[in-house]
Amino acid sequence: MKSTSLSLIAGAVALAAVTGFAALTAPGDGGTAEAGAAARLPVERSSLLCPAPSMSDLAETTYSSFTPAGENGGEAGAADLEPAEPLPTDEDAPAGEDADEKDADKKADKEKAAASKPVISLKDLGKPGTAETAKSDAPALVGTATGKFAPGWTTQQTTTTAAGGARGLLGVSCTAPDTDFWFPGASTGASRQDYVHLTNPDDTAAVADIELYGADGPLKSDVGEGITVPARSSVPMLISTLTGEAAENVTVHVTTRTGRVGAVVSAAEDEVGSDWLAASADPAGTQVMPGIPADATSVRLVAFAPGEDDADVKIQLLGKNAAFSPAGNATLHIKSRMTASVDLKDVTRGEPGSLRLSPADGSTTPVVAALRVVRGTGAKQEVAFIPATEAAGERASVADNRAKGSVLSLTAPGATAEVKVTASAGSEAGEATVKTYTVKGGTTLEVTPEAPAGLKGGYALTVETESGGPVHAARTLTIPEGGVDMFTVQTLPDDGGTVEVPAAEQDLSVLDD
């Protein structure tokens with residue numbers, strides 16, 4: 001009998017198969033990792049989903065796609081975003097068609113296939129690729145990055161609507177597909193028109209459930225369960241039609257029974273403006289919401305405790321020089337499965353800040369949270385949302401920065417940290433610039449990024465934590481329009497560009513006669 005070693009790294013292979021992460025090097029194939037030591041490898045595949053941008057005839061949308069340069073593996077790869085529409089198949093043609101009908105079907109299939117060509121394809125690492133559309137019926141986009149373009153791939157969708165009920169600057173970082181999303185800060189009130197956009201990237205249908213929670217608990221809904229999202233399609237759901245109860249502050253919970261979706265909420269508020277509300281970071285005892293503008297005229301905190309226990313949290317503003325609790329709002333009690341809110345008014349008082357929620361009175365109950373932020377007064381108000389976010393970690397990026405109007409907020413809720421900020425090459429021209437900042441613990445540092453030298457077009461910002469404690473980051477983009485400083489805020493969580501792969505614990509063998 002002869003023993004043939006397979007040298008299988010069972011756990012790592014399973015992980016790679018599920019996630020599409022980087023290929024592994026087996027012992028004897030030139031690998032350098034020591035036995036028993038975990039390794040971090042770049043991911044080999046990433047997916048992003050962008051919601052349908054707007055139904056307004058006055059809307060103009062820019063897409064900016066970007067993968068930072070770095071150790072991105074050796075595969076050539078690609079990064080494409082295309083319309084979320086089912087691809088034509090032979091099964092689409094009915095049986096028994098005559099020649100003319102078949103020709104017509106072929107023509108329709110060609111038109112459909114043409115519509116599914118990439119809206120944007122990324123050509124270079126470290127340099128954004130861009131595309132624009134002014135169509136009121138522009139579709140949602142689904143995309144995949146492979147090879148060297150996968151680690152850290154991000155896409156920004158920015159829509160400017162100059163007038164009308166949806167007036168505003170709507171910005172969103174296109175999301176990865178998942179099965180569970182929390183959106184504190186939505187509303188079913190009369191002054192709001194909020195939609196949950198569900199986008200399915202896969203070739204089979206997904207089934208989703210939407211739960212709504214108000215100040216007194218779950219909102220009754222007979223139509224929020226079993227929502228079918230067809231293959232490679234997007235479904236917008238007007239939240240107020242899912243329940244007969246009007247609630248000013250609502251937490252939306254999206255889950256899937258089968259499949260996976262991208263989910264994001266579009267929020268339009270009468271006489272105030274509109275923007276996208278991205279999902280909160282996963283439930284946790286401590287949450288950070290970075291990037292409250294210095295000139296905010298109204299800040300509302302919305303929080304939710306999804307577990308069986310109530311939560312008590314301490315509210316702190318991480319300001320320019322120190323952390324402090326807002327007068328009269330040092331703590332917040334959040335009842336289980338009930339949405340809590342508090343108006344913090346102009347809490348920043350002329351200085352940039354970030355909000356931190358942390359356990360109070362021994363409470364360890366996890367929460368989700370978001371901020372509704374208003375700048376301006378009267379007819380010149382504009383609204384944006386800041387969800388709780390994870391730290392920037394090893395690396396995080398945001399695309400679609402302009403020569404003017406981009407501001408980066410960096411906050412260190414714990415120890416002092418040092419971060420490196422890279423402004424990428426311009427989409428049309430311009431050399432990348434790099435600058436290092438020190439963020440004092442318990443404070444927020446607001447910086448105007450140094451734009452690429454000779455900039456033409458837009459650029460991306462990449463934040464990398466060099467030393468010290470965790471840093472949370474957000475980018476505010478402001479575009480003046482009709483006397484209104486329209487703005488949007490995007491957070492920068494860790495891009496997940498690498499994954500820790502466990503090393504082999506043992507070899508498996510096959511015995512041959």
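1. In this predicted model, Arg 395 is buried, with a relative accessible area of 13%, whereas Asp 495 is partly exposed at 23%. The side chains of Asp 495 and Arg 395 meet in a salt bridge, with 2.7 Å from N to O. Asp 495 sits in the loop between β38 (484-491) and β39 (498-501) and Arg 395 in the loop between β28 and β29, so the pair ties together parts that are 100 residues apart in sequence.

2. A salt bridge also joins Arg 375 and Asp 295, at 2.9 Å from N to O. Since Arg 375 belongs to strand β27 (residues 368-375) and Asp 295 to the loop between β20 (287-292) and β21 (296-304), this pair ties together parts that lie 80 residues apart in sequence. Arg 375 is buried, with a relative accessible area of 12%, while Asp 295 is partly exposed at 42%.

3. The structure holds 14 salt bridges, among them the one between Arg 260 and Asp 202, whose closest N and O atoms are 3.0 Å apart.

4. There is one disulfide, formed by Cys 50 and Cys 174 with their sulfur atoms 2.0 Å apart, and both cysteines are buried. The torsion about the S-S bond of this pair is about 105°, so the disulfide is right-handed. Cys 50 lies in strand β3 (residues 45-50) and Cys 174 in the loop between β10 (168-173) and β11 (180-186), so parts 124 residues apart in sequence are tied together.

5. A negative surface patch is made up of Asp 178, Asp 180, Asp 282, Glu 390, Glu 394 and Asp 494. Of these, Glu 390 is placed in the loop between β28 (382-387) and β29 (396-401) and is partly exposed, with a relative accessible area of 45%.

Terms used. Residues are numbered from 1 along each chain as its sequence is written. This is a predicted model: local features need pLDDT of at least 70, side-chain atom pairs count only at pLDDT 80 or more; totals for chains, interfaces and linings use all residues. Side-chain values use heavy atoms; hydrogens and water are left out. Patches are made of residues with over 30% relative accessible area and no salt bridge: like charges are joined within 9 Å, nonpolar side chains (Val, Leu, Ile, Met, Phe, Trp, Tyr) within 5 Å. Accessible areas come from the Shrake-Rupley method with a 1.4 Å probe; for residues, only the protein chains shown count as cover. A salt bridge is a side-chain nitrogen of Lys or Arg within 4 Å of a carboxyl oxygen of Asp or Glu. Lys and Arg count as positive and Asp and Glu as negative; His and the chain ends are not counted. The place of a charge is taken as NZ of Lys, CZ of Arg, CG of Asp or CD of Glu. Helices (H or I, at least four residues) and strands (E, at least two) are DSSP runs, numbered from the N terminus. Buried means under 20% relative accessible area, exposed over 50%, partly exposed in between (1.4 Å probe, protein chains only). A disulfide is a pair of cysteine sulfur atoms within 2.5 Å.
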